[in-house]
Amino acid sequence: MAVGFAVRTEGRQYNGKITSFVVLSCMVAAMGGVIFGYDIGVSGGVASMGSFLKRFFPEVYRRMKEDTKISNYCKFDSQLLTLFTSSLYLAGLIASFFASSVTGAYGRRPTILVGAAAFLAGAALNGAAVSIYMLILGRVLLGVGVGFANQSVPLYLSEMAPSKYRGAFNNGFQFSIGIGALAANLINYGVQKIKAGWGWRISLAMAAVPASALTLGAIFLPETPNSLIQRENNHEKAKNMLQKVRGMHDVQAEFDDLVKASEVSRMIKSPFKKIIQRKYRPQFVMAVAIPFFQQVTGINVIAFYAPILFRTIGFGESASLMSNVLTGLVGIVTTFISMMIVDKVGRRFLLVTGGLIMLVSQILVGGLMAAKLGDHNRLSKGYAYVVILLISVYVAGFGVSWGPLGWLIPSEIFPLEIRSAGQSITVSVNFLFTFVVGQTFLSMLCHFKAGLFFFFGGWVAIMTVFVYLLLPETKNLPIEQMERIWREHWFWKRIVGEFDGQVLEKMEEL
């Protein structure tokens with residue numbers, strides 16, 4: 001079944017329908033988000049399990065069980081333990097640069113397939129791990145898989161989706177991340193009760209389930225019309241695919257723009273050199289700033305280490321994992337709300353609103369922990385529940401804003417000639433600062449204590465101002481016409497405005 005509509009913009013009008021073909025294709029591709037989310041959820045959960053710590057991190061286990069003199073904030077401070085989590089993101093950082101070349105040369109579908117296969121191998125290795133070295137090697141393979149998937153899936157979703165609903169389709173990636181994280185949290189909660197102490201193996205090995213689904217699904221995925229034109233220059237094949245994707249015969253307006261964009265992209269021999277030129281300065285700034293800001297919201301403090309954080313404030317192992325399930329549910333619900341409204345209210349409104357929600361909740365959590373927890377106390381049950389409530393509010397703020405939009409906006413702002421390079425930079429910056437935050441968090445928690453929440457709150461304030469002043473609205477604008485928003489922005493037109501006539505002249509010549 002297809003729902004018809006016409007996408008109206010101030011430029012061309014594109015025709016299209018939301019077809020079952022494009023919905024199914026995007027659902028399969030979005031499984032790349034599930035494997036990413038599953039890993040985010042599973043790593044923090046198993047790192048709080050006593051049986052896992054006793055086998056691979058005995059010093060941390062001893063401090064947690066026996067050392068009554070050490071501060072609450074420092075019991076889990078271990079660079080080796082954080083390396084277990086963050087090694088994936090270092091591998092993903094390196095893999096994303098290779099993934100950019102694969103995406104440009106071979107297409108989006110093969111890149112997704114390589115990522116899924118690497119993740120499947122890493123899951124098998126982690127589930128069977130008998131040493132810390134085997135565990136870290138498995139994490140590296142998982143990182144390669146996530147690096148390839150995060151490079152290609154957001155591009156795939158943005159290129160397949162009708163422009164009017166591109167935000168909802170692309171936000172499905174973050175929604176899938178939430179589904180994966182929730183599944184991991186539920187599995188962690190269940191296997192933690194296995195008295196024999198091998199439940200963590202199930203948690204790690206179950207990552208193979210979404211990886212297998214994506215591997216099989218990617219074999220049958222269609223390639224995007226954008227990629228077909230860019231790589232094969234087969235206009236008839238690309239137009240047939242575009243007609244199939246849009247569910248109607250009359251796609252000439254959109255097809256003409258895709259062809260023009262492709263011809264411009266062929267003149268670009270070194271996209272990474274091209275993207276730093278002045279005419280692409282706004283896109284380059286956003287490619288770096290948006291993933292950086294997404295990570296310094298502090299969300300991965302919650303995503304990776306929420307069970308450890310909940311144990312820090314006094315919860316037991318089982319209660320900590322269940323609390324993590326609850327915050328995961330909040331994230332999924334709010335991301336779904338974002339999917340439903342992002343193309344109506346716009347990107348800027350959600351980013352500013354979500355930023356304010358996160359800022360207030362982080363200040364309150366930091367203040368409460370500073371006043372009531374201390375180095376050797378435990379929060380009363382009432383205060384502990386208040387902390388969980390505030391963290392849930394914080395997750396809700398992220399779920400409607402920086403979570404899904406941190407992936408959506410970079411994937412839709414790049415012209416075709418620098419799109420693969422731009423997405424690679426976005427993914428690399430994301431992985432770099434995910435690695436930095438993940439590797440340093442437990443040490444920062446030990447030294448900053450409750451002040452860590454004020455640290456991240458300060459960054460949230462900065463990024464909210466950045467969005468208000470420097471990020472133009474992109475809703476409902478066809479992806480191949482996105483360059484005009486920079487020429488109309490109060491600040492960016494001072495940088496790219498002088499190229500206005502040149503760009504338009506070249507487009508007309510083509």
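User: What makes aspartate 39 and arginine 139 a salt bridge?

Analyst: This is a predicted model. The closest N and O atoms of aspartate 39 and arginine 139 are 2.5 Å apart. The cut-off is within 4 Å, so the pair counts as a salt bridge. Aspartate 39 sits in helix H2 (residues 31-46) and arginine 139 in helix H7 (residues 132-160), so the pair links distant parts of the chain, 100 residues apart.

User: Why is aspartate 39 called buried?

Analyst: Aspartate 39 has a relative accessible area of 2%. Buried means under 20%, so the label applies to aspartate 39. Arginine 139 is buried too, because its relative accessibility is 0%.

User: How do you know that arginine 62 and glutamate 59 form a salt bridge?

Analyst: The N to O distance between arginine 62 and glutamate 59 is 2.7 Å, and the limit is 4 Å. Both residues lie in helix H4 (residues 58-65), 3 residues apart, about one turn of the helix.

User: Are arginine 62 and glutamate 59 buried or partly exposed?

Analyst: Arginine 62 is at 33% and glutamate 59 at 41%.

User: What makes arginine 487 and glutamate 483 a salt bridge?

Analyst: Their side chains meet at 2.8 Å, N to O, and the definition asks for within 4 Å. Glutamate 483 is partly exposed, because its relative accessible area is 28%.

User: How many salt bridges does the structure hold?

Analyst: The structure holds 11 salt bridges. Arg166, Asp343, Arg347 and Glu412 are linked in a network of them.

Conventions
Residues numbered from 1 in each chain as written. Predicted model: local features only at pLDDT ≥ 70, side-chain atom pairs only at ≥ 80, totals over all residues. Heavy atoms only, no water. Helix = DSSP H or I, 4+ residues; strand = E, 2+ residues; numbered from the N terminus. Buried < 20%, exposed > 50% of the residue type's maximum accessible area, 1.4 Å probe, protein only.
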